[in-house]
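Good morning, colleagues. Please look at the display first.

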Amino acid sequence: MEIPSRLFLLLCLSLLSAVFSSNGSQNFIVHVSKSRKPSAFASHHQWYASIVQSLSTSAHPSRIVYSYEHAANGFSARLTAAQAADLRRVPGVLSVWPEQVHEVHTTHTPDFLGMPDEFDLWPNNDYADDVIIGVLDTGIWPEHPSFNDSKLPPVPERWKGTCETGPDFPECNRKIIGARTFHRGYESALGRPIDESVESKSPRDTEGHGTHTASTAAGSVVRNASMFEYANGEARGMATRARIAVYKICWNYGCFDSDILAAMDQAVADGVHVISLSVGAKGMAPKYDRDSIAIGSFGAMLHGIVVSCSVGNSGPKPLSAVNVAPWILTVGASTIDREFPADVVLGNGRILRGVSLYSGDPLTATNLPLILADESGSRLCVAGKLNPSLVSGKIVVCDRGGGKRVEKGRAVKLAGGAGMILANTKTDGEELVADSHLIPATNVGKTAGDLIKRYADSKSSPTATISFGGTVTGNSLLAPKVAAFSGRGPNRITLDILKPDIVAPGVNILAGWTGSSSPTGLEIDERRVEFNIISGTSMACPHVSGMAALLRKAHPDWSPAAVKSALMTTAYTTDNSGHQIADLGTGNKSTPLIHGSGHVNPVGALDPGLVYDINPKDYISFLCSTGYSEKIHIFARDDTDVKCDPHKMKPGDLNYPSFSVVFNADSAGIQRGGVVKLKRVVRNVGISKNAVYVVKVNPPPAVKINVSPSKIVFTERNQSASYEVTFTTDGASLVTKFGSIEWTDGFHRVRSPIAVRWHNDLVASI
């Protein structure tokens, strides 16, 4: 989701000023070895307080912000650089690093996903009415009809949380069963309390993002839902009867590490089953031991909690995937078979496809003067830069990028323009994102944008109009396609783990909205809507979170890794015409570096046949194999006997449902030839205890694959069997090649994608 311009500015400023107060102190995240607590202290919090009090004094004493005990072991504290250096020398302290600021990644969808209304498809399910989804976001608008608790049974006995009520947030109900805020880290970074005249300190959502994600994951059924008559129909979340626990972690300056980790810690203690987190690092993914989301997710996984995260909105750049730890379910964004046409009709009669959610009066003329923004003062249509004498009464062609899309329409409106055509550049390719503009406007792809620009340049008096077509759905619209903005691999932290894991609907998604903010987030926009249509990997993540809740209800004995495996191995890679899914960022066919295992298939995931399971000790061995030693205790937590042996396993031997193979991994240069052997274990979770699976191999070009054994015979349910894959190559390639391995018993298709590169140079292998 694009961040409102005011919030975007504040986020940028926060990186420079909000984290660092004028006295030179800032928030640090501190991880400790739990077993090193001296017996003289009755609790770990007392020990932490003693450590902080013992640090070198300054004009502004250090103080603890939070203590962590469920999702992590340690605390966050306000420290100077000198105090942080002293703290690193304290016995039992594993790491001390500065807090980072993260950002949010911002109806018809259940039908597109093939999710039926009938309960009987989901055994023991009733749409997950006793499953709790913890949504960590900007809060929630509790009065929204998506959170109606009608006919829901009492709150599950498992729930141990609370509802932070007050004048601004009067109560929870049987749908929103808990609501908390986490702002100590934010206020510590600000150096002052939150200004409650600007933002609500309660769990109430005044921004909209949290309400949208929560209602996508677990919103109740709302009939006749729409946004300005667009996308009219029935709105419902993925798990319509699941319960929602709200953890407000994001504020006007962003989402702070210390608050995120505290919320994850509390969610574990409260008893959630799934954590949905549409938030991630700015820029590239940090290392696992410097990533609060990775650390908190590991702690949640230890308690059997599925953690679903967005992959980020920095695509189509390679290496842009975030939240890439293998114990996280990492979700990219795709389109659905619904559009909101707003076609450009040029003066020469040519019609070019575009999309929009504009709902005001139509254009008054069929042929209005057309002008390019770069001839009017600002190619990107920056507010105040357009020349009113050139723009007035005309349709302005603005380039996408460099700011919020609706902000460009505002700039054209303020300059007196009659309409706007927002043209994609190479970065966004053919991706079309509809917005509720304040002016008649449409978004066109790069190809159409280039044609419009050539037409405008070739005519002395070019003209155009925009024809708005409402809502269109159906197989005439090829879907899914992967959004250009969706973050993608390779995985810069661990090449041997393929990320993202999966893609799900994240473009032009209708869901609940706050009553406090307009659909555009612009201050001059006084409109209010009950539902909004927005885009981002933030929107894709809660779709999968809701599906994970359904799977947890249907299969309560499954581990988080088994849930992830079911979603990944049943994913599909073709669109509704039977062709390979396309990538809107490049215009080419998508690859596993872009879509992971493919597009989520919730009905297929219910009965995957086989699963690839992973237990916590497997993840510890994986971390050891990637070079962790002393810092392994950040993750190992209570296990004081862990001794890392980096040779015990290869990173690629983690029992992951996909394969990322690196030939000549020790060489930065390309070398011909190579052999890589990887092991996997599958478990029979099908209905039949007697099952025979045969492997089908689709090898990447220039790679030979041998799977041994090529046939697996099961005689019991939950029986496990291992196999080994040998990848052999005589050649070499500058680019990554792709293939797949598929096990089938004639009914189930258990598919694992393969990505192969010939060296460990990340950039050269893309």
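I begin with a nonpolar surface patch of about 220 Å², which is made by V692, V694 and V713. Patches consist of residues with over 30% relative accessible area and no salt bridge, where nonpolar side chains (Val, Leu, Ile, Met, Phe, Trp, Tyr) are joined within 5 Å and like charges within 9 Å. The accessible areas come from the Shrake-Rupley method with a 1.4 Å probe, and for residues only the protein chains shown count as cover.

Two remarks on the basis of these values. The model is predicted, so local features need pLDDT of at least 70 and side-chain atom pairs count only at pLDDT 80 or more, while totals for chains, interfaces and linings use all residues. Residues are numbered from 1 along each chain as its sequence is written, and side-chain values use heavy atoms, with hydrogens and water left out.

What does D745 touch, not counting residues up to four places away in sequence? Its contacts, meaning heavy atoms within 4.5 Å, are with V692 and Y693. D745 sits in the loop between β39 (737–744) and β40 (749–757), and its relative accessible area of 29% makes it partly exposed. The side chain of D745 makes a polar contact with the side chain of Y693 at 3.3 Å. By polar contact I mean a pair of N or O atoms within 3.5 Å; within protein, one must be able to donate a hydrogen and the other to accept it, and residues adjacent in sequence count only if both atoms are side-chain atoms. The D745 side chain also reaches the backbone nitrogen of H748, at 2.7 Å. Between the C-alpha atoms of D745 and V713, 32 residues apart along the chain, the separation is 9.8 Å.

I turn now to charged pairs. How many salt bridges does a search of the whole structure find? The search finds 27, a salt bridge being a side-chain nitrogen of Lys or Arg within 4 Å of a carboxyl oxygen of Asp or Glu.

One of them joins E187 and K201, whose closest N and O atoms are 3.0 Å apart. E187 lies in helix α5 (residues 184–190) and K201 in the loop between α5 and α6 (209–218), so this pair ties together parts 14 residues apart in sequence. E187 is buried at 15% relative accessibility, whereas K201 is partly exposed at 24%.

Another salt bridge pairs E431 with R400, at 2.7 Å between the closest N and O atoms. E431 is in the loop between β23 (419–423) and β24 (441–444), and R400 is in the loop between β22 (395–399) and α10 (405–414), so parts 31 residues apart in sequence are tied together. Both E431 and R400 are buried.

Finally, the strands. Strands β2 (residues 63–68) and β3 (residues 74–79) run antiparallel and are joined by five bridges; two strands pair if DSSP finds at least two bridges between them. S67 has F75 in β3 as its bridge partner. The two strands, β2 and β3, form a hairpin with five residues between them.

Note on methods:
Helix = DSSP H or I, 4+ residues; strand = E, 2+ residues; numbered from the N terminus. Buried < 20%, exposed > 50% of the residue type's maximum accessible area, 1.4 Å probe, protein only.
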